[in-house]
Protein chains: 2
Amino acid sequence: MPELRKDPVIGRWVIIATERKKRPSDFVNTDERCVFDPSTCPFCEGNEKKTPPEIMAYRNGTPSDSSGWSIRVVPNKFPALAIEGEMDRMGDGMFDKMNGVGAHEVIIETPTHVCNYDSLPVHEVNNIVSAYRERMRDLKGDPRFKYVLIFKNKGRDAGASLEHTHSQLIALPIVPKRVVEELEGSKEYYRFKERCVFCDILRQEMKDDVRVVFENQEFVCISPYAPKSPFETWILPKKHQSCFEFLEDAQIPYLAEILHRLMIKINEVLGDPPFNYIVHTAPLHEDPVHYHWHIEIMPKLTQVAGFEWGSGFYINPAPPEDAAQALRSGDSGDQD
Amino acid sequence: MPELRKDPVIGRWVIIATERKKRPSDFVNTDERCVFDPSTCPFCEGNEKKTPPEIMAYRNGTPSDSSGWSIRVVPNKFPALAIEGEMDRMGDGMFDKMNGVGAHEVIIETPTHVCNYDSLPVHEVNNIVSAYRERMRDLKGDPRFKYVLIFKNKGRDAGASLEHTHSQLIALPIVPKRVVEELEGSKEYYRFKERCVFCDILRQEMKDDVRVVFENQEFVCISPYAPKSPFETWILPKKHQSCFEFLEDAQIPYLAEILHRLMIKINEVLGDPPFNYIVHTAPLHEDPVHYHWHIEIMPKLTQVAGFEWGSGFYINPAPPEDAAQALRSGDSGDQD
């Protein structure tokens, strides 16, 4: 059983993932679980038996774990958390721990061995977004879980161990530190201003129009004012909405469209970089008036080094105004 | 002038480092400033003119910026912050910014093109530690600075752009978020227990003796209870001491010895990995009874991916008890 342990100084939880346990010598070489070869890819249509049995799929009447699907959701084969069991919070001398209970799922985004959203038609991105919402709504029914984190790692340098385009989801028995920070920060702003800080950001960005990358009827894509890394980009719903799972049917095509457009632009301007994106949403069973869900996309272009680790703040050599301009125009800067 | 900008939600500052400004196309390839070729290394003896003029050196009577030194401290050629100027805090619509005023220095740790502490005799590590303390005491005299962060990036994957062994130092006009978290967490513990949390950690670890890597008369090296990454290791003074610059002459050889020994073990067990280490110390001009300086060493063996970015907590496949055991014995685990 994996263990959740709490740092006694700053209160950050870590998962000691015993299922993924390695010997020291395993760290010397690169991760042996990396599969970047399509012929052995467990996510390709026809290879359904190479994954654990599916949790959910969008299928045309074909049976589970066979071909004939457009989206498949399966448990992670090397889960960071165990789906069975109780949390059992307990002390360990002066320290605090609990069982690593949670869900760790993989959303296989398309049956063909495609590595990028820009190789997918936009209606397939609709399916991806819709699958996210469906899984989140389903996991909300498990009273052990307080938070669902949906994220995507693209490329080995961004932590992916498989090339076939996919996202992941982790359901957690606690609200993670980073989310608590956003909740507390936005609450403090709300207390002072009686307005949602994200709504205010949207309004200022749309008025200034220097960090807006693009927008459609329902969503805006911006380079944030204080990005921690070059070309960090946020997608926010224009409508105030605290939780991702409140996403309405009518919003889905617009979210898919803006995400698809951004992926095309990022690949065009930055040459198919590794990246992470993360859905930032409120905890399950909460609907805080001061919080506003959004997606943060972070191309991995620089290394996080000692300064960043030690200080928790970031040196970013790319002003967001320039990044927004480059993504807007698709200009790679070579004409400057 | 670089700019410090504040994230309006979580309050994290970032440095928009205009001196390091790049065009989008510059991110497509790897960093052109990386020099891993000894023949052109600006840190080697004889190449002193390739760096900005030195701030300090340990020399045998030779003139500044010539050969004949054992340690040289120079300004970073591509500084993230500007040494001249005032902070000028100001609003920018709803946002907050200030001038990026600060010091960014490089500590060149030895005149020969050596890449590792384990190729240095321990008395040279004495000099390194002593140079850290000297710079910190000196920068304390500048009233604009609130914090000095000393760190080391070793290897390209840990953010180093030069191979020749060196550390860096950044003096900041604000106390960084990560440090504030440690200060607040340790203060809360102190309020509850009336004891320093780090002293308590030391006592429990030395009693349990399962996560202690090794110790000498003045320092203990441990694998912390809740490490964010595999083989994260902390070095703490046994004596309660809030600030690194309070390090006493008599402690220096013991710090050098334990740091040197740890570097040798890390290279032996993990095969010369990239790593970062960071000196965690209290803000300048403060001597909080609840804080205890220490060094955190983080070999870079796994990628920080979407989950970590989104949640602020970490999946670690290496239990610290195993890591401590491996570092203690020098066993690479192949005999298991």
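Two residues are counted here as being in contact if their C-beta atoms, placed from the backbone, lie within 7 Å. The structure to which this is applied is a predicted model, and the domain assignment of chain A divides that chain into domain 1, covering residues 3-175, and domain 2, covering residues 178-329. By the contact criterion, 27 residues of domain 1 of chain A are in contact with 24 residues of domain 2 of chain A. On the side of domain 1 of chain A that touches domain 2 of chain A, H1 and E8 of chain A each supply at least two residues, and the largest share, nine residues, comes from H1(A). Sorted by class, this side of domain 1 of chain A has 13 nonpolar, five polar and nine charged residues. The centres of the two domains of chain A, taken over C-alpha atoms, are separated by 22 Å.

Chain A has 336 residues, of which 49% count as buried, and its secondary structure comes to six helices and 15 strands. Among the contacts in chain A with a separation of 6 or more, 66% are between residues 24 or more positions apart.

The helix H1(A) leads on to a helix pair. Two packed helices are described by the angle between their axes and the distance between the axes. For helix H1 (residues 122-139) of chain A and helix H4 (residues 252-270) of chain A, the axes come within 8 Å and cross at roughly 115°, and the crossing is right-handed. From H1(A), the residues Val122(A), Val125(A), Asn126(A), Val129(A) and Ser130(A) take part, and they meet a set of residues in H4(A) that includes Ile252(A), Pro253(A), Leu255(A) and His260(A). By class, the contact of H1(A) with H4(A) has eight nonpolar, three polar and one charged residues.

Gly155(A) is found in the loop between strand E8 (147-154) and strand E9 (166-172) of chain A. Not counting residues up to four places away in sequence, Gly155(A) touches Ala160(A), Pro274(A) and Phe275(A). The C-alpha atoms of Gly155(A) and Pro273(A) are separated by 7.5 Å, although these residues are 118 residues apart along the chain. Is Gly155(A) partly exposed or buried? A residue needs 20 or more other C-beta atoms within 10 Å of its own to be called buried, and because Gly155(A) has 19 C-beta neighbours inside 10 Å, this glycine counts as partly exposed.

In strand E7 (residues 103-108) of chain A, six of the six residues are buried. Ala103(A), Glu105(A) and Ile107(A) point one way from E7(A), whereas His104(A), Val106(A) and Ile108(A) point the other way, and all are buried. Six bridges join E7(A) to E9(A) in an antiparallel arrangement, and within this pairing the bridge partner of Ile108(A) is His166(A) in E9(A). Strand E4 (residues 69-75) of chain A is likewise antiparallel to E7(A), to which four bridges join it, with Val106(A) in E7(A) as the bridge partner of Val74(A).

Strands of both chains come together in an open sheet of five strands, with the order E5(A)-E6(A)-E1(A)-E2(A)-E15(B) and mixed pairing. Strand E5 (90-92) of chain A and strand E15 (314-316) of chain B stand at the edges, each with a single partner strand, so one side of each is left without a neighbour in the sheet. On average, neighbouring strands of this sheet are turned by 35° against each other, direction ignored.

E5(B) pairs in the antiparallel sense with strand E6 (residues 95-99) of chain B over three bridges, and Asp92(B) stands opposite Phe95(B) in E6(B).

Key:
Residues are numbered from 1 along each chain as its sequence is written. Chains are lettered from A and ligands numbered from 1 in the order in which they are written. This is a predicted model: local features need pLDDT of at least 70, side-chain atom pairs count only at pLDDT 80 or more; totals for chains, interfaces and linings use all residues. A residue is buried if 20 or more other C-beta atoms lie within 10 Å of its own, exposed if 12 or fewer, and partly exposed in between; C-beta atoms are placed from the backbone. Two strands pair if DSSP finds at least two bridges between them. Axes are lines fitted to C-alpha atoms, for helices over the stretch in contact, and angles run from 0 to 180 degrees between N-to-C directions. A crossing is left-handed if the near helix is turned anticlockwise from the far one by less than a right angle, and right-handed if clockwise. Ala, Val, Leu, Ile, Met, Phe, Trp, Tyr, Cys and Pro count as nonpolar, Asp, Glu, Lys and Arg as charged, and the others, Gly among them, as polar. Domain bounds come from an automatic or database domain assignment.
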